[in-house]
Amino acid sequence: MSTGTTAAGADGAPDTASPGADAAGTGTGTGLRQGLKRRHVQLIALGGVIGAGLFVGSGEVVHSAGPAAVLSFLAAGGLTVLIMRMLAEMTVARPALGSFYAHVRETLGHRAGFAVGWLYWYFFVIVVAVEAVAGGRIVRLWLPGAPLWAVSLVLMALLTATNMVSARSYGEFEYWFSSVKVVAIVVFLFLGALFVLGLWPGSGGGLAQLTAHGGFAPAGVGAVLAAVVPCVGFFTGAEIVTIAAAESVEPERAVARAIRSIVLRVVAFYVLSIFLVVAVVPWTSKAIEVSPYAAVLDRLAVPAAGTVMNAVVLVAVLSCLNSALYTSSRMLFALTRNGDAPRGFTKVSASGVPRRALLAGTSVGYLSVIAAWISPDVVFSFLINSYGAIALFVYLAIAVAQLRMRRRLEREEPARLTLRMWGFPWLSRLTIALMALVIGAMAVLPDSRAQFWLSLLTLGVVLAAYEIRRRVRRS
């Protein structure tokens, strides 16, 4: 893949990537195996946006915005869909190892590519620790005597072993994890609809709860807009499918289908389920803050509702942990292709797994879990806050890269634009403006201010590392 004059002139460093299939990452030159089937890719795309945040964290959004939280989720979902459409356009036109890392590097320069690749890697190695700790806490509900750090490390070790086997092994586990999450939400939507329609035993039906406690937006429009910020974070993970495309059969077609299908499903799973939550249970209920879905099942008198939801949340956590291990290893592997990471991480196993890259991310995850045990309020708290806005920085870079790449493709390779961003260029520009607005809101809102500034510090460290690397190469 040629980086063109834009990338070369941005930083003055030579591009060490090989041309053709090797650089794209879809040929045999990468050493990765195309072990992911179409069904794997479809469920990876779908499962990527259904995390533990939907089942648990969404309760805090409802508590802050009231029933109008539905609008917050709708706005965040719409913005995410636009970002994914822009990314899909680039991925289908230029399939590349590392997906958006390669696209940003090509269009915005080596410095931007280096920053996006390492920021994304850092984001997911911290996710590894966060999800491992969350999973450990759920398991301890059934095994109260087990140490949290030990349970977390066991969960991480098990899924690391799964990822060490092959990409297909990861895909198979993620397929079943995602299937459980999808089935759980479909059943929830069905039961909630029966209650609202008055068809559930003992239910009066109706939508009175939407306005019964202070109105639809009791905290005002400002609270609804502020809630969009955390809601965008809940959708993070949809882009994993474009990274997995390098190890799938027919990557262009698989990505195109996955991205197209994700639009309606995101709206259905997130927006409709949150709508049913606030329609069935008063938004002022303390139970919603703890677990909104369990609160609804309790209202419906479903037997063992708490246990059922804890099991579903554990599956969601393990799914996120599984994907985080996979994604961090593939991004680190992609960084080696251009000399942005040590070449030692390029080595792959006989089954096509970059095991050294996988173990690197796992090691950071282990250290973070230990930090959660030794210093939960200082070190681990710092780690959590230092990655809070990173995904938004990456999304903004993706949007800007699409705007530039589209111009170049229209000029040089128009035949490759088989999947296009809607309403170009105006909708692309609007998406960039909205993404910048969300990031700006993080900087001023009290609940997210610390995450923004510590994430900005992380960005500064990565950019400093790039400058050191560039100067060393020159000398």
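Here is a quick tour of a pocket, a cavity and some aromatic contacts in this predicted model.

## The second largest pocket

Let's start with some open space. The second largest pocket has a volume of about 250 Å³. Helices H5 (69–93), H10 (221–234) and H19 (426–444) are the elements that each give two or more residues to its lining. H10 gives the most, with five residues.

The lining residues include Ala75, Leu79, Gly222, Val229, Leu434 and Ala441.

## The cavity

There is one cavity of 30 Å³ or more. The largest cavity has a volume of about 40 Å³, and of the 10 residues lining it, Thr91, Pro95, Ala96, Thr242 and Ala245 are the closest to its centre. Its lining has four nonpolar residues, five polar and one charged.

## Rings that meet

Now for the aromatics: the structure holds 17 aromatic pairs. Take Phe235 and Tyr270, whose ring centres are 4.4 Å apart with planes at 40 degrees, so this pair counts as tilted. Phe235 lies in the loop between H10 and helix H11 (240–244), while Tyr270 is in helix H12 (residues 251–280), so the pair ties together parts that are 35 residues apart in sequence. Both Phe235 and Tyr270 are buried.

Elsewhere on the list, one aromatic cluster is formed by Phe100, Tyr120, Phe123, Phe124 and Tyr387.

## Charges over rings

Two arginines are worth a look here. Arg406 has its charged end over the ring of Phe424, 4.3 Å from the ring's centre. The charged end of Arg429 sits over the ring of Trp426, at 4.8 Å from its centre.

Notes: Residues are numbered from 1 along each chain as its sequence is written. This is a predicted model: local features need pLDDT of at least 70, side-chain atom pairs count only at pLDDT 80 or more; totals for chains, interfaces and linings use all residues. Side-chain values use heavy atoms; hydrogens and water are left out. On a 1 Å grid over the protein atoms alone, a cavity is a set of points where a 1.4 Å probe fits but cannot get out, and a pocket is an open set with protein on both sides within 12 Å along at least five of seven lines; lining residues have an atom within 4 Å of a point. Grid points are joined across faces, edges and corners, and a volume is the space filled by probe spheres set on the points. Helices (H or I, at least four residues) and strands (E, at least two) are DSSP runs, numbered from the N terminus. Ala, Val, Leu, Ile, Met, Phe, Trp, Tyr, Cys and Pro count as nonpolar, Asp, Glu, Lys and Arg as charged, and the others, Gly among them, as polar. Rings of Phe, Tyr and Trp (its six-membered ring) pair if their centres lie within 6.5 Å; planes under 30 degrees apart count as stacked, over 60 as edge-to-face and the rest as tilted. Buried means under 20% relative accessible area, exposed over 50%, partly exposed in between (1.4 Å probe, protein chains only). A charge sits over a ring if NZ of Lys or CZ of Arg is within 6 Å of the ring centre and within 35 degrees of the ring normal.
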